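Biologist: Please take a close look at one part of this model, the site of the ligand.

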Amino acid sequence: MKRAVYPGSFDPVTKGHLDIIERASAIVDELIVGVLNNNEKTPLFSVDERVKMLKDVTVHIPNVRVESFSGLSVEFVKKCDASFLVRGLRAVTDFEYELQMAQTNRSIDKDVDTLFLTTGLKYAYISSTIVKEVAFYGGDISGFVPETIVDRVYGKISQKAKGKTSEV
Ligand code: PNS
C-alpha cells in the first residue's frame, strides 16, 4: 500500500492545490491531505472549515482522505503509516523554501522522502495569499479556487471585515 501525505495550510484550497491532489492521488494508493492546525498563524478559515472545504472539493476522488494535524509533518506522515510527503512546486521562487523543508524533514526522519510535482502552468501564479488579497478588494477569484469555494471566501472576508468594524 503506497500512502502519501500532502501537507499544507490550504487557507483556502486553490485550483493549484486541487491539481496537485488529483495528480498525486493517481500515483499512490492513498493520499492523505494534512491540514496544518498552526496556532502561530492566524488563518482566514478555521482548521475545521479548511478540512471541510478540502473534503468537498475532493469528494470525487475515492483514494483521498482529509485530516488536520498539529506539530511536525514527518510525525503526521508516520502516524498515517505513509512513506512520503507530496509538495507542489509553482516556480523557482518556491524551490529554496521547499528544498530546505524537504532536507529538514529528511534529517528529522530519513525514511520520509518528499515527492515534488510541478503545478500545472495555468495555476503557477495562484496562491492562497493572492486569492485572499484579490477577494478582499472585491476582485473575481473564480479562476483561482474551485467553484464551491468562491462564495465561502467572499463570505468569510466580509464576515471578518464586519467583525473588525464593530470592534471599533
Ligand atoms: O501550505 P504551506 O503553508 O506552504 O505549508 C507549509 C507546511 C504546513 C507544509 C509546513 O509549514 C509544515 O510542514 N509545517 C509543520 C511543521 C514542520 O513539520 N516543520 C518542519 C519542516 S520545515
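By class, how many nonpolar, polar and charged residues does the lining of the largest pocket have?

Modeller: This is a predicted model, in which local features need pLDDT of at least 70, side-chain atom pairs count only at pLDDT 80 or more, and totals for chains, interfaces and linings use all residues. Residues are numbered from 1 along each chain as its sequence is written, and side-chain values use heavy atoms, with hydrogens and water left out. The lining of the largest pocket has 13 nonpolar, 17 polar and eight charged residues. Here Ala, Val, Leu, Ile, Met, Phe, Trp, Tyr, Cys and Pro count as nonpolar, Asp, Glu, Lys and Arg as charged, and the others, Gly among them, as polar. A pocket is, on a 1 Å grid over the protein atoms alone, an open set of points where a 1.4 Å probe fits, with protein on both sides within 12 Å along at least five of seven lines; lining residues have an atom within 4 Å of a point. Of the 38 lining residues, G8, S9, K41, R87 and Y97 lie nearest the centre of the largest pocket. The largest share of this lining, eight residues, comes from α4, a helix (a DSSP run of H or I, at least four residues).

The ligand sits in the largest pocket, meaning that more than half of its atoms lie within 2 Å of the grid points. Residues around the ligand (a heavy atom within 4 Å) include L36, K41, Y97 and N105. α4 also gives the largest share of this shell, three residues. Polar side-chain atoms of S9 and S73 each lie 2.6 Å from an oxygen atom of the ligand.

Conventions
Polar contact = N/O pair within 3.5 Å; in protein donor to acceptor, adjacent residues only side chain to side chain. Helix = DSSP H or I, 4+ residues; strand = E, 2+ residues; numbered from the N terminus.
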